[in-house]
Every structure is written in C-alpha cells, then in structure tokens.
Amino acid sequence: MDKQRLAALLLESQVPDTQKVKAVTAALQKNYYVHPESLLLLIELIATEPNVAIRQQAAITANRLVDKHWEKIAKEQKPAVREHLVQATLREQSAACRHAESRLIASIATDDFEDGQWTELFPALVQLASSQNVTEREVASYIIFSLLEVNPTNFAGEELKILELFTRTIRDPQSADVRINTMMSIGAMLLIFDAEEDEDSVKALHTLIPPMVEVLKDAVTAGDDEKIGQAFEVFQQFLAYESSLLGGFLKDLIQFMIDLAANTQAEDEVRSQALAFLAQTVRYRRMKIQGMKDMGQQLTHKAMLILTEIDDDEDEDDMSPARGALALLDQLSGDLPPRQVIVPLLDVLPQFVTNENPGYKKAGVLALGNVVEGAPDFIASQVKSIMPHVINLLNDADLGVRHAALIGLSRLADDIAEELSPYSEPLMTALVKNLQAAMAPSPDAKQTKKNIEIIRSVCGALDSLSEGLDSEFMKQYAGELVTNIGALVGHEDYKVKVAASGALGAIAESLGEDFKPYFEQTMIALGPYLTIKESEEDLALRSGVCDSIGRVAAAVGAQAFQPYVVDLMKSSEEALHLDNSRLRESSFILWSSLAKVYTKEFAPFLPGVFAGLFQSLELEEEEIKLELTEDEKGIVNTTEEIITAGKRVKIKKPTEEDEMEDEDDEDWEDYGVSPEALEKEVAIEILGDVITHACGAAEITEYLKKAIEMISPLSEHTYEGCRKATIATLWRAYTRVWQLYEEESGSSWEPGLPLKQNPDPALVELAEIVTTATLHLWNEEADRSVVTEINRNVAATLKEAGPAILARGEVLTEFVSVLSSLITRSHPCQQDLGDEDEEQEVEGTSEYDWLVIDTALDVVIGLAAALGPNFAELWKIFEKPILKFASSEAENIERSTGVGVIAECAAHMEAAVSPYTQKLLTLLLKRLSDPDQETRSNAAYAAGQLIYHSTDKNTYLPHYETILQKLEPMLQISDARLKDNAAGCLCRMIMAHPDRVPLGHVLPALVELLPLKEDYEENSPVYECISKLYESGEPTMQSLTPNLIPVLEAVLSPPAEQLDDEAREIVRRIVAFLYNANAGLFSGNPNVLKLAGLA
C-alpha cells in the first residue's frame, strides 16, 4: 500500500464535494480499509505526515479501525507501534490532533488490557503526568482521561492510587488543560466507586471537589466556553451516581451554582448552564434538597429574581437565564413540597405583581403559571388570594405584562380550570378586551407581531379555561366569541388559525349541546382546512382543525354531527399517508372522540381505525437512520445498515430535504424521544379508548388478540409515555372484556378468593398477559408518572372487575409487596437517583410524590373491594403505614387520605373489620375533632362505616354519645362534604343501634339538611335509614313526612348521579310506602309520583 497515496486520499476526503468524496471513499475502502496493514499505515502517517489535517483524519480513522484490525497485527510488531504512536502524540503541537491520537492510544490500550498486554502504559502515564514538562503533563492527563472514558472498570481497585495523582494534577499551577483533563477523568471514573466497600476512596474523592469547583471558576473567569461546558458536564455526572460521592459538598455546590446563576456579570450561557445543573439536582437529589433548611425557598426566590430579566422579544426556544429560571421553578414545584416552593413564591408574589418594573410583574405571573402543574392542589387552595393579581395584570397598561398574564392564566387553567370558575366574568371581560385590542390593525410591524402573540395567547387561555366555564355563563359571550374567533380562522398567520380553531373547539366543549346554533357556521369555517396538504404549515393547521372538530362532535352529539362523519373519517384516513406524525396523532384523537360519541355505532369504521393504529405501532423505531460521511461508510464497510448495541441501524442517504430540518425532529433530539415513540404513545392510548367505548364482543374477537400482541412489548419501551400508555390500555382491555363476559353470562363478580365462579379461559389468558407485563414494570420502575398510571389502572380494574385477575399464582402476593414499598416510600421511584437502598425520610412531600402514594392507597382500597371480608388478613400488612398517615401531625393531606382509606377498607371488610375496632376507633375519635375539615369529614365517614359493620359493639357503644356530639356541629358546615358525611355517619349509627340515638332531636336536623349537595354516595345510607324508620313506624320520622316529600322530588330529579340504581329503588319504595299510606300527602307535589314511576 502506498502511504503517500493514502495521505492524498485522506486529504481529498475532506473536500466539500459529495461526488468526489464518494469516489475517494470507495478507493479507500477497496484499497486500504479492508487490510489490517491500513491501520499501521495510518499510525505511520500520524507520526510522519507534516499536514495537520491529514494527521488528524488519520488518527480519527485509525481509531475506528482498531476493533477491526488491531488483533490481526503481529504480536511482535505491536510494542514498536505503541511506542511510535505515544512518541508521536507527545511531539504533536495541535491540540485537536493530540486529542484524536490520545483516543487512539486509549482504544488500542483497552483492547490490549483485555489480553494482559501493555501493562506498562498506565504507570508510565502516571510518571509522565508528574513531569516538569507542561506539554507532557497535558498529553498524559488527556490519555488517562481517554482510558477512563473508554472503560473505567479496567482500573477498578486502583482508585486511591489514581486519586493520589489527581490530587496534584487538579491543582496544576501552569496548565488549565491538565486541570480540566483531571476533572473529566474524575467524572469518567465515578462508575467504579463503591461507597460501601471503599470508604477511603470516597473520602479521597471528596477532597477533590473544592478544587474541581475552582477549575470551573477559572474557566468562567477565562471565558473558555469549552472548558466551562466540560466542567459542568462532570458535575452533572455526579448526579447519575449515589449521592455519597458528593457527600456533604452537595449543599456547597448548589450554593455556588445559585450564586453563579444570579450573577448578572457572568455570561448568559454560563448562568444558563448553572440553572440547568440546579434543575437536574432538584430532579435527582430532591430528597437531599428537601432536607436542606431553606434551600427550596432560596432556589425559588433566586429563580424569580432571574426571571425578571425576561425580554418581551425573547424566543421561547432560546435558553436564556430567564428561561432557565422558569425550567428550575417547574422542577422545584414538581419535586419539593409546596411549603418549600409554593409558599415562598406566594409570599413574595404581591411584591412582584405590584412592582412598577414590568419585568417583576411578568416574572410574578409567569412563575405562578409555571409552578401550578407541580402543585395543583395547593395552588387551587390559594385562588382567592391569587386571582385578583392575575386579573389586574390581564388589564395592565403594558402590553408585555398582559401577554405574560395570558400565558400565566393558560398555565393555571390547564390544571385548575374548575377552581377558576368563580372568576369567569372578570376573566372573560379581560380576554375579550385583549382580543379586540389585538385585532385592531396597526401599521407598525413590531406591534402587529405582538398583536399576533396576544391573539394566540387569548385563544390559548380560552382553550385552557373551557373545562371550568359553565355553559349558562358561556351563552352570554358565545355569539361575540364565535364571530370574532371564527373570523380569525381566516387570518393570514397559520399559527393564529391553529389557535383560533382550538378556541372554537374549547367554546363548543364548554357550551355542550348549546353550541348547536353555531355548529353549522363553525363547520363551514373549519371544513376547508381538513383537506389542505401542500406544505408543512398546511398539515399543522389541518391537525389543529382536526382536534377542534373532534371536540365539536363531542359537544353537539351523535345526531347533529352525523352528516359530517363519513367525510371526516375519509379525511382522517387520508391524513395517515401524508408523512406527518402530528397529523396522524390528530386523526387518532378524532377517532377517540367519535368512538365516545357513537360507541357501538362506530363499528363500520373500525377496520380502518385498527389498521391505522396498528400501522403506527409497527413503526420501525429501532431502525435509526445515521447520517455518515462517505469516509465513515467506508470504514464500516457498508452503505446499508450496521448493528450496534443490539439494534439495527440504517445508513441514511443524504437528500435535498436534509437541508431543511423539521422542528419536531429538533424537539425530539433535544429530549431523546423520537417522533415515532410519541406517535406510538398516542396510538396506544387511542387503542384503549376504541376498545373501551366502541368494541362489542365481535370486535373484541376480531381485533383484541393482535392489539395485545402489538402493544405488550412496548411496556418495556425506553420512553415512559409508551410504558404508561401500554399498561393503561392492557388494563382497560381486560376491564372491557370482563364487562362483555358479565353481559353475556348474566352474572356479576363476587368478592373474595378462591373465586366463586371461574372466568372464561380467554379472560384467564388475558389476565396473565396483563399482570406479567405490569409486575415486570411495577417493581422496579423509576419514573413516578409510570408508577402512578399503573396504580390508577390496577385500582380501577379491581373495583370494576373484581378478584379474578388476582387468582393466578403469586399475583396477589406480588401486588401486596409492591404496594407495601410504595406506601412506605421505599420504592425506586421514590428515591434519589443512585440511592435506591437508602431510607429516605423527610418531612413533607411534593404533590407528584404524594400522588404515587395516594394512587397506591387507592389500589389498597381496590384490593379490599375485590377481596371483601378476605381483605381482613391483608389489613394486618397495611394497617401500620395507613395508621401512620392517618396520625400525621405534619400534613393534612396525609391525615385526610389515611382516614379515607380506613373508611373504604372497613366498608369492604364488613364484619371482618371487628378485630380492629378498638385501634381504629381510638384514632377516629381524635380525627373527628381534627382542625382540618377534609380529615374531619373523612373521619365521620369512617366512623359510620366502622360502627355499621363491626360486631364489636362493646367497644364502640360507650362512645356513641361522644361521636354524636362531635357530629352535631358538622351538620351546619357546608365545606369539605362535612354535612353529607356527617349525615351518612348519623344514619349508619341509627341503623346499627336506633335505641342509642335521640331520634326526636336528631331526625329534624337530618331532614332539614337534605337533599345532599356534594357527596351523593351518602344518599344510600340516608334513604336506607329513612326507609327502615318508616317501616318500623318511628313517630318522629312520620311527623317529618311533609318536609321530606320535596326532598324526595329533588333527589329523583336531575342530576341523575344523585342516586345509584340501588338508592333510587329505595327512594321509590319510600314514595310508594307513603303514597299507599296516605295519597293525600302528594297533592302538593304530584310530580314525585311521576318521577318514582307510580303515576
């Protein structure tokens, strides 16, 4: 082989000429890269070639050929080759070349180490790293880093020796390169530290953290962007391993990053990286930060101050310090307890929103909008103090402040729309005012751009608010809104059109059937956009319109929408073939809406629907396309595909379209989630909707098996959204099949194991698939949202379909094991990353963390429902942690939830709860006087259930009078369902022991508060009690009959959900009983008889 010819080809391969590069690559592949000697020739070029570009390309290429050819080089040749390469690297003047050559040395050495060769390299590097020659130190330190980066496990057991060297090199007095190389080496070797087995090494590591901070400081001072990025990356690496590796230095490091982020003299890029580190630290070290006094408060306040720098013209995609501060606030609210984030934020909010500086006003309302997703319950409890500020800012004189307020309002409404409904009037007035002002034409291009942003934000706010807007209220504004927003559907800016179509869908959603007067004109306005397809903007608009029309269909109902269904389905099926993932997702979402509207009448469209969904589920995500240079294609010796990390990776052929990058692709590259994965997530969710709402027995037979086969493997997908959707759809499918089984068999499940009736074999097989996939994830899943979704679906299915799914093997035992870990906060998803085996107990919890526990407790209730009295044995396992929640002095939510779980479990255990009466009653007597109304309300519910079901009357009867005294004031309090739960408790106590209740005193108060307004479930014991009192001829009850008849009319009238079927029958019996006894009682209320079906 000709060395000079190889050098010339390497140089030619770097010219910007695609055709020439292809020809050069073909020549390199054919004449050089297939031969082991090419590796030696490349190393020779590294050592002798005067052209730096050729040397660097030779080093890069040689590195890629090591795995292919190094083992084929004669053993006796290798020592000379190694020495030749090391000396060449030491002589190298170009830093980029030195780095490429160092990586080549590391690749060769890693191969050699596996064979027990080149053992003298590392000791020589250690000696070289201590040389008086600064260049030698820089080369040696970078080769050491390269070796550790390639495979740090080669140096396991040598940690102390290496750290001893790093103690000197991290403080190199002459070379910033040596210092940063050392820091990167430390990051690379974190993998091999074992804090439990080697405390000395960890202590030695701790001594290096302060000088590592100095390395970052020096890089910041020098303005060296590359070294700044490298230093931040090392600190990020620490977060991926157990927290003991940072030890007590974590707090100091956080403080340093806070100060750096808040330093307006520092470069924006540096500040943004500091904020990104803080956000990641909050995510992966949330338990540690919770334990640091006032750290959550400091982070929150500093983030808000940084947020005041936000610029009106700032692009949302630009990662400025202000945007970084928003991301940090978002992370804080989701990972820390409200008292550490939301309370400090609300404490300073008035100072921000009343400040004369618009930046403070914008910061205040944007911060508020950004934290609501992480703590919706707490924010909802504070709306009375929050909303006056928001409304003021919506009417502020500054356009930028109003825009920020609209964004903040949208974020609030996304999570607490119903709680905002008392403010509908001033909010709608402000939205209309902003919309009208923004629709006015302006000759100023900058003003026009801002007006477009305002219009989009108003539409977005309407969209978010729709769930909380009452249809009666919306009627006042519907005409004006539909006219104005309908006009915007024809706006020249496609983003305005998308926003306007979304707002129309939201208006329809809030009006329901009252949208019908505007239905035709809306369909005329939106219809033309369902066929556009000429550009990416067209497809984005078509997608938004498709989403909106699905909401319109749900609003106006099946009959009104019928004329549009066929054409709409044709359009949606055509959209599947337009190579736009977002548009396909919109088609799926439309199908879900129509399946819910038409239920089994949607059957004619199901072949196309399932075909479309299956097609998306078959997307070959694993076949990642790599865009390689021609030179790289030559090295891998193919232009088709390679196998890497067990995945088939296709080689992408460059096209003209590659010059135009799609925005969606950029998004997923940033977050590591492919468009295919996002599309699969939607497809799986919609599959669940279609199976649940539109499939009868025939469709289940035709489609379910394939659906299950396709989605089951996705329970192990790397994207958590796919995992969540898969588990949810599996459980929903099981529930649907069970419902159809019960319809066909005419029987309903009975609680308890062993099963009273054996289910269909197909159900048993499906149960095995569902529980196997679930348990595989549930035990070890680290993502809180996935675990929460599993909990929700398991709980719902147990309540709906009973115990059959628990009957196989050790399923029940494994369920109990997972639930025990969740409710004791010892599950992997409840731990800091890397600290899975630590006991992490702190005061307070974030709402996301509590949601994991809350939904797990709902599964416990589901088990109680499915097992009935059999659950009494499992109560022994769950009792201690549940009573601990119910006894919590720190958190109201823990007490109220714990007491609520006790109530539900007692109800399902029935008489089997009796052995636990003493312990439960002692707790409930205390909670009946709890300062928190929600807890007191749940305690009334629980006390009633316990007394009604327990046979241990000797324990509870002595406390009857005390309980009645505690209930009496509750009958006058409207909040937290207190009236309703107190009424239910009272009635259960009467049914259990009517002789122990002063009925003459109690019954008038009971009838006076009827009908119940909040907790309709308590209508069952109330009317069962009243029915029994009438049957026994109780005189006080009979005397109250004239007062009761209007109540009976009210509960038999809409809303229908006031009474379940059983309670409705009881009320009907009461009416019949009274009518038969004295028909004249109904002379003033004849409608009662009609409602009861007696006239």
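**Note on salt bridges, a charged patch and annotated spans**

1. Glu934 is partly exposed, with a relative accessible area of 29%. Its side chain meets that of Arg977 in a salt bridge, at 2.7 Å from N to O. The pair links distant parts of the chain, 43 residues apart: Glu934 sits in helix 44 (residues 933–949), and Arg977 in the loop between helix 46 (960–967) and helix 47 (978–992). Arg977, at 22% relative accessibility, also counts as partly exposed. The model is a predicted one.

2. The structure holds 43 salt bridges. Another of them joins Asp547 and Arg582, whose closest N and O atoms are 2.7 Å apart. This pair too links distant parts of the chain, with Asp547 in helix 28 (residues 536–556) and Arg582 in helix 30 (residues 581–598), 35 residues apart. Arg582 is partly exposed at 33% relative accessibility.

3. Arg792 and Glu789 form a salt bridge at 3.8 Å, N to O. Both lie in helix 38 (residues 784–801); because they are three residues apart, about one helical turn separates them. Arg792 is partly exposed at 41%, as is Glu789 at 21%.

4. A network of salt bridges links Arg286, Asp335, Arg784 and Asp849.

5. Asp67, Glu71, Glu114 and Asp115 form a negative surface patch. Glu114 belongs to helix 6 (residues 95–114) and is exposed, at 60% relative accessible area.

6. An unreviewed UniProt entry annotates residues 24–91 as "domain: Importin N-terminal". That span is 79% helix and 0% strand, with its end C-alpha atoms 30 Å apart.

Definitions and conventions. Residues numbered from 1 in each chain as written. Predicted model: local features only at pLDDT ≥ 70, side-chain atom pairs only at ≥ 80, totals over all residues. Heavy atoms only, no water. Patch = residues over 30% accessible without salt bridge, like charges linked within 9 Å, V, L, I, M, F, W, Y side chains within 5 Å. Areas by Shrake-Rupley, 256 points an atom, 1.4 Å probe, with all protein chains shown as cover. Salt bridge = Lys/Arg side-chain N within 4 Å of Asp/Glu carboxyl O. Lys, Arg positive; Asp, Glu negative; His and termini not counted. Charge placed at Lys NZ, Arg CZ, Asp CG, Glu CD. Helix = DSSP H or I, 4+ residues; strand = E, 2+ residues; numbered from the N terminus. Buried < 20%, exposed > 50% of the residue type's maximum accessible area, 1.4 Å probe, protein only. UniProt positions renumbered as here; feature names shortened; annotations may be inferred.
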